[in-house]
Amino acid sequence: MIKRPRRLRKNQQIRDLVHEVSIDKSDLVYPMFIIDGETEDIASMPEIKRYSLNDLPKALSEVTAAGIKAVLYFGIPKHKDETGSEAYNYNGIVQRGIRLTKELYPELIVIADICLCEYTSHGHCGIVENNCVINDKTLPLLVKASVSCAEAGADIVAPSDMMDGRIAAIRTALDENTFENVLIMSYSVKYSSAFYGPFRDAADSAPAFGSRKSYQMDFRNKKEAVMETRLDIDEGADIIMVKPALPYLDVVKTVSENFSAPLAAYHVSGEYSMIKAAAQNGWIDEKAAVMESLTAMKRAGAKILITYYAVKAAKWLGEM
């Protein structure tokens, strides 16, 4: 009988040499909030801020100095209305943030989140009639937002709304407007989750009524994740995503095994805040918990790690 070489476990240097999964700074994407106003702390997300355009350059200098190659932008406008018009305004807060970023750091990959929830007065991700989100009336507005962000200089647009048919509509519009090289990162698998609470504080995007369960996925379903991902890839998605990450590692693994498109895992606000709160109370080792969590996402099959810990994780990787 051949015995397992347990001696590998006894030498840390050798364990580092033969380990199976690694995280690189290039895997990390840093989500950032840009506000049309003054920079603000986010109470439910300690150390995360909503940045004004005046303070964005300083924040980006820290991001790039840490070795982060990509950011994901969410906008918080001054004005909200029923159609989320600031999402596709040429001078919208995200559009101005993209232009400023590309002026200062042209090599930094800018991903623009495409949704209406931060921009609508009712907080839902689409047009609402009789307290229902109307899928087909929402699509043209998501298209306008995507083209507007591409015009501003976004390298990738990331539709997070979960409307049916939005990938095909956005791909067609981008191509028709000579943005063939702008990629689509689709929130293909986005569950209706309790882990989004701090984000809704940060983006001021909690629904004014009801919930988003009618268009986000049921957390009890896994086969649906494969179906939704296949539809998005067929419609033209270049990168796919599972959100949230840690409670859905089984889904990350299933999606990664079924599709060859690059897969992102979104380590969402609630996951960030839980680790941060426990660390602040001295209950866990923050660095160890974060690196273990991110490694689990990579091990499950994710290539791209979207996390509010990106800057810290990049610094920690530099120390290892």
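This is a predicted model: local features need pLDDT of at least 70, side-chain atom pairs count only at pLDDT 80 or more; totals for chains, interfaces and linings use all residues.
How many cavities of 30 Å³ or more does the count come to? The count comes to two.

## The overall fold

Let's start with the whole chain. It has 11 helices and 12 strands, and its C-alpha trace spans about 65 × 45 × 40 Å along the principal axes. A compact globule of 320 residues would have a radius of gyration near 20 Å, and the chain agrees with that, at 20 Å.

On the inside, 53% of the 320 residues are buried. Take the contacts with a sequence separation of 6 or more: 75% of them come from residues 24 or more positions apart.

## The largest cavity

The largest cavity holds about 100 Å³ of space. It is lined by 15 residues, and the closest to its centre are C117, S160, K190, F199 and K243. Two elements, β9 (183-190) and α6 (197-203), each give at least two residues to this lining.

What sort of surface is that? By class, the lining of the largest cavity has seven nonpolar, two polar and six charged residues.

## The second largest cavity

The second largest cavity comes in at about 40 Å³. Its lining is made up of A87, V94, D113, I114, C115, Y119, A145 and C149. Here β5 (109-114) and α4 (135-152) are elements that each supply at least two of the lining residues.

## A112 on strand β5

Strand β5 also carries A112. Is A112 buried or exposed? Its relative accessibility is 0%, so A112 counts as buried. Setting aside neighbours within four places in sequence, A112 is in contact with L72, Y73, I98, C149, A154, I156, V157 and A158. One of those partners, C149, also shows up in the lining of the second largest cavity.

For a sense of distance, A112 and I233 are 121 residues apart in sequence and 19 Å apart in space, C-alpha to C-alpha.

## Helix α5 and its buried face

Helix α5 covers residues 166-176, and its buried residues are R166, I167, I170, R171, A173 and L174. Looking down the axis of α5, these buried residues fall within an arc of 165°, so they line one face of the helix. There is a simple bit of geometry to keep in mind here: an α-helix has 3.6 residues a turn, so residues three or four places apart point the same way.

What do the buried residues of α5 pack against? Their partners are α4, β8 (156-159), β9 and α7 (223-235). Just after α5, T178 takes a positive phi of about 65°.

Helix α8 spans residues 249-258 and includes T254. With a relative accessibility of 18%, T254 falls under the 20% cut-off, so T254 counts as buried. Not counting residues up to four places away in sequence, T254 touches K222 and V226.

At residues 310-319 sits helix α11, where A310, V311, A313, A314, W316 and L317 are buried. Which elements are included in what covers them? Among them are β1 (28-35), α2 (56-65), α10 (286-300) and β12 (304-307).

Key
Residues are numbered from 1 along each chain as its sequence is written. Side-chain values use heavy atoms; hydrogens and water are left out. On a 1 Å grid over the protein atoms alone, a cavity is a set of points where a 1.4 Å probe fits but cannot get out, and a pocket is an open set with protein on both sides within 12 Å along at least five of seven lines; lining residues have an atom within 4 Å of a point. Grid points are joined across faces, edges and corners, and a volume is the space filled by probe spheres set on the points. Helices (H or I, at least four residues) and strands (E, at least two) are DSSP runs, numbered from the N terminus. Ala, Val, Leu, Ile, Met, Phe, Trp, Tyr, Cys and Pro count as nonpolar, Asp, Glu, Lys and Arg as charged, and the others, Gly among them, as polar. Buried means under 20% relative accessible area, exposed over 50%, partly exposed in between (1.4 Å probe, protein chains only). The arc is that of the directions from the helix axis to the C-beta atoms. Contact means heavy atoms within 4.5 Å. The radius of gyration is taken over C-alpha atoms; the globule rule is 2.2 Å times the number of residues to the power 0.38.
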